[in-house]
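Good morning, everyone. Please have the chain up on your screens, and we will walk through it together.

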Amino acid sequence: MSGTTRGRLLATSDIHVRHPENRAIVEAMRPGHDDDWLLVVGDVGERLDDVEWALRLLAGRFAQVVWVPGNHELWTLSRDAVPLRGEARYRHLVDLCAGLGVLTPEDPYPIWTGLGGPVRIVPMFLLYDYTFRPEGTSNKEEALAAAYAAGVVCSDESVLHSDPYPSRDDWCRARVAQTRVRLDECPRDVPLVLVNHFPLVREPTRILRYPVFAQWCGTELTADWHTRYNVAAVVYGHLHIPRTTWHDGVRFEEVSVGYPREWRSWRTRRPVLRQILPAPTGERIPPWGATRDESESAVVPPG
């Protein structure tokens, strides 16, 4: 076990602090060691003041906080005091993080030298492009039609704007291309920890309660990134199904907290800060977690 500090690399996501119960969970989050780093893997909240509150609190406690956006941070809601849309909203969040000392996908990828290191942390913002399509569909239009027919449509369709890109899938393809250039430039001697709100491979979405929801969960363009590059682990959220899975020998960690109605139903107690490095020992697929998913909150937008 290598590393030049005694810190651990921890992760959490989908903390949704607009819920008082989740806000209390975040207030209780503390490092176990002064050198611990925390990956915050998206969906902190919808309102910018909630995002700032949570990241400011965590940045004051952990040696370093690294944030990537989820879809909820990118929502533009009428009740938000900052009505920015699309890329402008994302850049505003990046600037907010810079003021708090929180690293984002726009920063140079940092080297973490704690226990299990060194590794290069790669925070990413990739979105989705509707290629995780339901069976029986062959394009985005058919996939969306199936979702509307089932009455399971992600709220992104009405509140996540892609300005100045023509669509969210265009924005996704642009982000994937930009990120791949940066990954190709990373030296291969230091392993990578890939961090993205959405899963990089489709397999984790296979157990969603509503399969049509998978189209809002990633892109096939990243399906080989965990094998193309020297990857130690992949960290993601979004699905609200916290668990460890292995794909081509690479460990994938879904680290979401989820909504109160979800975590109240857990049959076993689960830590809200998941240890990424040093790699947890024990069973390859730990027995903690819940078979819940974000598609429970999906709605058909009016009109």
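I will start with the sheet, then turn to the backbone, the rings and the cysteines. Keep in mind that this is a predicted model.

Now look at E6, residues 192–195. E6 pairs with E5 in the parallel sense, over four bridges. E6 also runs parallel to E7, again with four bridges. Leu-192 in E6 is the bridge partner of Arg-120. Leu-192 also stands opposite Val-231 in E7. One step along, Val-193 stands opposite Ala-233 in E7.

What about the faces of that strand? In a regular strand, side chains alternate between the two faces of the sheet. In E6, Leu-192 and Leu-194 are on one side. Val-193 and Val-195 are on the other. Are these four buried or exposed? All are buried, so both faces of E6 are covered.

Next, the backbone. Most residues other than glycine have a negative phi, and most peptide bonds are trans. Here come some exceptions.

Take the peptide bonds. Gly-117 and Pro-118 are joined by a cis bond, with omega at about 5°. Pro-118 is in the loop between strand E4 (111–112) and strand E5 (119–123). Another cis bond joins Asp-163 to Pro-164, and here too omega is about 5°. Pro-164 is in the loop between helix H5 (156–159) and helix H6 (168–184).

Now phi. Leu-127 is not a glycine, yet its phi is positive, about 65°. Find Leu-127 in the loop between E5 and helix H4 (140–150). Leu-127 is buried, with a relative accessible area of 1%. His-238 also has a positive phi, near 75°. His-238 is in the loop between strand E7 (231–236) and strand E8 (243–247). Why do we call His-238 buried? Because its relative accessibility is 0%, and the cut-off for buried is under 20%.

On to the rings. There are eight aromatic pairs in the structure. One of them is Phe-125 with Trp-171. Their centres are 5.3 Å apart, the planes are at 90°, and the pair is edge-to-face.

Tyr-128 is in the loop between E5 and H4. Phe-198 is in the loop between E6 and helix H7 (225–228). The pair therefore ties together parts 70 residues apart in sequence. Tyr-128 and Phe-198 are both buried. They also belong to a cluster linked by ring pairs: Tyr-128, Tyr-130, Phe-198, Phe-213 and Trp-216.

The charged end of Arg-23 sits over the ring of Trp-53, 3.9 Å from its centre. Likewise, the charged end of Arg-264 sits over the ring of Trp-263, at 5.7 Å from the centre.

Last stop, the cysteines. How many disulfides are there? The count is zero. Cys-172 is in no disulfide, and the nearest cysteine sulfur, that of Cys-217, is 12 Å away. Cys-172 is buried, at 0% relative accessibility. And Cys-217? Its closest cysteine sulfur is in Cys-154, at 7.8 Å, which is too far for a bond. Cys-217 is also buried, with a relative accessible area of 0%.

That covers the tour. Thank you.

Notes: Residues are numbered from 1 along each chain as its sequence is written. This is a predicted model: local features need pLDDT of at least 70, side-chain atom pairs count only at pLDDT 80 or more; totals for chains, interfaces and linings use all residues. Side-chain values use heavy atoms; hydrogens and water are left out. Helices (H or I, at least four residues) and strands (E, at least two) are DSSP runs, numbered from the N terminus. Buried means under 20% relative accessible area, exposed over 50%, partly exposed in between (1.4 Å probe, protein chains only). Two strands pair if DSSP finds at least two bridges between them. Rings of Phe, Tyr and Trp (its six-membered ring) pair if their centres lie within 6.5 Å; planes under 30 degrees apart count as stacked, over 60 as edge-to-face and the rest as tilted. A charge sits over a ring if NZ of Lys or CZ of Arg is within 6 Å of the ring centre and within 35 degrees of the ring normal. A disulfide is a pair of cysteine sulfur atoms within 2.5 Å.
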